[in-house]
Amino acid sequence: MAIAAKPLLTSRRSVGFRLWEGAQLVVLYGSIVAIILPIIAITWLVISKGGPSINWEFLSKAPERTYSGGEAVYGGGILPAITGTLYLMAGTILIALPVGVFGAVYITEYGQRSRFTRVLRLAIVNLAGVPSVVYGLFGFGFFVFVLGGGLDRMFFAKDLPSPTYGTGGLLWAAATLALLILPVVITASEEALLSVPASFREASLALGCTRWQTVRNVVLPSALPGIVTGLILGISRAAGETAPILLTGAAFGLGEAASVSTSPLGMMLHEMRQLPEKLHSQFMALPYHLYITATQAADIPERFPWGTALVLLMLVLGLNAVASIIRSRARAGRRW
Amino acid sequence: MAAESTIESGTEGALRIQASQARKHGRAISDRVMEWLIRGNAGLVVLSVVLIFAFLIKESLPFFQKYGVGSLLSGRVWEPVGEPEVYGALSMIAGTLLTTVVAILLALPFGVLCAVFMSEIAPPRLKGVLKSTVEILAGIPSVVIGFVGMTIVAPLMQDRLHLLTGLTAFTGSALLAFMALPTIISISEDALHAVPRDFRQASLALGATRLQTIWKSVVPAAGRGIVAAMMLGVGRAVGETMTVLMVTGNARNVPTNFFTKDLSENSLFQSVRTLTATIAAEMGEVARGSDHYHALFALGAVLFLITFVINSIADYALNRGRR
């Protein structure tokens with residue numbers, strides 16, 4: 001490359017000029033160090049402080065309070081928060097996958113340059129800019145009170161005034177998070193669909209396939225890795241969000257003292273099934289659990305928030321790593 | 001913003017012929033069903049965005065009708081449980097402004113320098129390493145950063161700067177700056193990368209050094225992209241909730257005092273509360289339909305409006321830059 005061939009520092013100028021440029025380089029390298037070091041520090045802190053608290057009991061048991069001499073001792077683990085987050089991720093995917101992928105299919109395959117496509121794009125851009133707590137506000141006001149309250153009045157009137165769907169729950173939190181990650185999913189899917197060459201579509205159409213057959217059999221399979229990458233990135237974002245679930249159904253201290261089974265495995269299975277048991281149940285989730293154990297509860301030992309932070313960080317960074325592996329594999333194996 | 005569709009008009013023509021033939025042969029039922037599903041879904045997405053917007057307005061209107069916009073924006077006192085209730089959000093608006101402005105002042109130089117380094121100086125392999133490190137940062141959930149800030153950074157600041165508490169606006173700004181970095185770096189890097197190579201070659205051919213080329217021709221050419229990066233970073237900082245909720249101390253002060261030598265008297269080193277933190281902290285306790293409930297929606301509407309303006313500026317800068 002012609003540009004890189006020229007050395008960063010030239011020897012043909014005056015000493016003062018060379019010092020000046022050298023100082024600029026020091027600042028450039030320094031800024032890199034100033035950014036990289038805290039990133040390493042945060043990751044290392046969470047790993048080193050959270051690492052010791054991770055053991056089988058921490059991952060496989062519900063939190064429990066035992067009483068010794070009149071004083072409550074907080075112990076057990078964070079299993080319900082882990083399963084709650086997994087349930088929440090599953091629910092979010094179930095909503096965001098069809099809406100997001102079909103939205104992208106509309107943009108690239110159906111709407112193309114129509115005016116409505118422009119409106120849709122504008123909507124997505126704006127959706128991406130909305131702060132997460134505003135999603136929470138919307139989920140709380142609309143999903144929980146308007147939709148949930150409406151469902152209750154229609155189908156669960158006999159249980160009123162105690163709400164069924166008219167209170168925070170898994171379904172509403174998942175719907176809120178699905179809205180939140182929709183821009184990520186649509187944008188990534190759109191990019192993946194656009195990278196499928198037009199000749200693929202033309203070949204399929206020339207063979208007499210209809211538009212939907214072309215989309216289903218040719219375009220979507222070719223774009224699959226890109227779509228999956230976008231989905232995973234979206235879901236990892238959803239797994240780490242706290243503000244939107246704060247108001248739509250996350251809870252603390254569920255499943256405490258659920259000692260029904262005697263064998264450890266039976267106990268674990270029982271607890272996994274228990275929480276959250278219905279679509280409208282409240283649930284525990286890792287980010288919310290971290291927030292509460294860190295800020296609200298004085299009697300909870302430090303290893304709980306640090307351990308929760310580590311599990312959450314590993315989950316999110318693991319998902320991101322999977323996404324980038326899929327992306328680079330797909331790029332390497334691409335045949336067009 | 002996003003690229004135009006790549007499907008050429010030839011394909012569109014083929015599709016039209018295909019559709020008319022398919023209709024004749026009666027093969028098109030699944031096709032037509034899917035088409036309606038897909039179109040309906042697109043409508044649903046647009047509808048939900050309109051719905052969010054409309055719902056925010058609808059739920060905040062009762063508040064504005066009763067208390068007025070002026071008292072919300074200029075009132076210094078926020079007493080939702082007082083007798084009578086008072087809703088002045090000036091302290092929170094100022095808190096959001098203060099933390100955001102300081103965060104961007106901290107993040108912008110580092111972010112742009114990092115982007116310059118990645119795009120113009122780093123060899124490909126180092127660039128790859130830097131990119132994935134920045135991606136790690138982008139992936140860390142805000143509640144984890146808030147937690148580390150609360151337990152590690154805040155006590156450190158309190159200790160080193162001899163403050164009464166480490167939970168200050170400045171701690172929040174520092175962490176927000178950190179969180180805005182990935183946005184600033186990746187968008188500026190894209191903008192720098194998009195500068196044509198001719199610019200660099202012409203400058204070098206005139207005898208400029210590589211660093212002169214970077215500062216005098218590449219960075220100015222990427223100016224609009226860098227402005228967009230800054231605005232998107234601002235948007236990120238304004239909307240961030242958990243971190244500021246956990247580290248800024250949440251005292252409802254109107255920050256006014258920035259020029260004292262005594263740091264613990266300086267507003268930057270005192271507690272503040274932001275718009276986002278107020279919504280997150282108080283929403284759990286309100287009764288639906290109460291004035292407090294509508295007041296929090298009004299804060300949400302203010303927040304939405306701020307981020308909407310910021311993102312529109314970013315979008316405008318990006319799209320104008322492309323033409």
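Modeller: Chain A holds 13 helices and two strands. Keep in mind as we talk that this is a predicted model.

Colleague: Thanks! What does the secondary structure of chain B come to?

Modeller: Happy to go through it. Chain B has 323 residues, and 53% of them are buried. Its secondary structure comes to 13 helices and two strands.

Colleague: And what share of the residues of chain A count as buried?

Modeller: To be buried, a residue needs a relative accessible area under 20%. Chain A has 336 residues, and the share that counts as buried is 54%.

Colleague: Among contacts in chain A between residues at least 6 apart in sequence, what percentage join residues at least 24 apart?

Modeller: Let me start with chain B, where 70% of the contacts between residues at least 6 apart join residues at least 24 apart. For chain A, the corresponding figure is 73%.

Colleague: Let's look at helix packing. Are α7(B) and α10(B) roughly parallel or roughly antiparallel to each other?

Modeller: Helix α7 (residues 169-193) and helix α10 (residues 223-239) of chain B have axes that come within 8 Å and cross at roughly 155 degrees. The crossing is right-handed. An angle over 145 degrees falls in the antiparallel class, so α7(B) and α10(B) are roughly antiparallel.

Colleague: How many nonpolar, polar and charged residues does the contact of α7(B) with α10(B) have?

Modeller: From α7(B), the residues taking part include Leu176(B), Ile184(B) and Ile187(B), and those they meet in α10(B) include Ile226(B), Leu232(B) and Arg236(B). By class, the contact has ten nonpolar, four polar and one charged.

Colleague: Now α6(B) and α7(B): are they oblique or roughly antiparallel to each other?

Modeller: The axes of helix α6 (residues 142-161) of chain B and α7(B) come within 10 Å, crossing at roughly 135 degrees. α6(B) passes α7(B) in a right-handed crossing. Roughly antiparallel would need an angle over 145 degrees, so the two helices are oblique.

Colleague: How many charged residues are there in the contact of α6(B) with α7(B)?

Modeller: On the α6(B) side you will find Ile145(B), Val153(B) and Met157(B), among others, meeting residues of α7(B) that include Phe170(B), Leu175(B) and Met179(B). The contact divides into eight nonpolar and three polar residues, while the charged ones number no residues at all: no charged.

Colleague: Which residues in α5(B) meet α13(A)?

Modeller: This packing involves helix α13 (residues 303-332) of chain A and helix α5 (residues 124-139) of chain B, with axes that come within 10 Å and cross at roughly 135 degrees. That angle makes α13(A) oblique to α5(B), and the crossing is right-handed. From α13(A), Val316(A), Leu317(A), Asn320(A) and Arg327(A) take part, and in α5(B) they meet Glu135(B), Ile136(B) and Gly139(B).

Colleague: Is Asn311(B) buried or exposed?

Modeller: Asn311(B) is found in helix α13 (residues 291-322) of chain B. Leaving aside neighbours within four places in sequence, Asn311(B) is in contact with Gly129(A) and Leu232(B). Its relative accessible area is 13%, and the cut-off is under 20%, so Asn311(B) is buried.

Colleague: Which residues of chain B does Tyr291(A) touch?

Modeller: Tyr291(A) lies in helix α12 (residues 286-295) of chain A, and at 10% relative accessibility it counts as buried. Not counting residues up to four places away in sequence, Tyr291(A) touches Thr242(A), Leu246(A) and Gln296(A), and in chain B Val143(B), Met242(B), Leu245(B) and Met246(B).

Colleague: Which helices do Phe142(A) and Phe55(B) lie in?

Modeller: There are 21 aromatic pairs over all chains. In the pair of Phe142(A) and Phe55(B), the centres are 5.5 Å apart with 80 degrees between the planes, which is edge-to-face. The pair joins two chains, because Phe142(A) lies in α6 (residues 132-155) of chain A and Phe55(B) in α2 (residues 29-67) of chain B.

Colleague: Is the pair of Phe63(B) and Phe64(B) stacked or edge-to-face?

Modeller: Phe63(B) is buried, with a relative accessible area of 1%. The ring centres of Phe63(B) and Phe64(B) are 5.8 Å apart and the planes stand at 70 degrees, so the pair is edge-to-face.

Notes
Residues are numbered from 1 along each chain as its sequence is written. Chains are lettered from A and ligands numbered from 1 in the order in which they are written. This is a predicted model: local features need pLDDT of at least 70, side-chain atom pairs count only at pLDDT 80 or more; totals for chains, interfaces and linings use all residues. Side-chain values use heavy atoms; hydrogens and water are left out. Axes are lines fitted to C-alpha atoms, for helices over the stretch in contact, and angles run from 0 to 180 degrees between N-to-C directions. Helices (H or I, at least four residues) and strands (E, at least two) are DSSP runs, numbered from the N terminus. Angles under 35 degrees count as roughly parallel, over 145 as roughly antiparallel, 65 to 115 as roughly perpendicular and the rest as oblique. A crossing is left-handed if the near helix is turned anticlockwise from the far one by less than a right angle, and right-handed if clockwise. Contact means heavy atoms within 4.5 Å. Buried means under 20% relative accessible area, exposed over 50%, partly exposed in between (1.4 Å probe, protein chains only). Rings of Phe, Tyr and Trp (its six-membered ring) pair if their centres lie within 6.5 Å; planes under 30 degrees apart count as stacked, over 60 as edge-to-face and the rest as tilted. Ala, Val, Leu, Ile, Met, Phe, Trp, Tyr, Cys and Pro count as nonpolar, Asp, Glu, Lys and Arg as charged, and the others, Gly among them, as polar.
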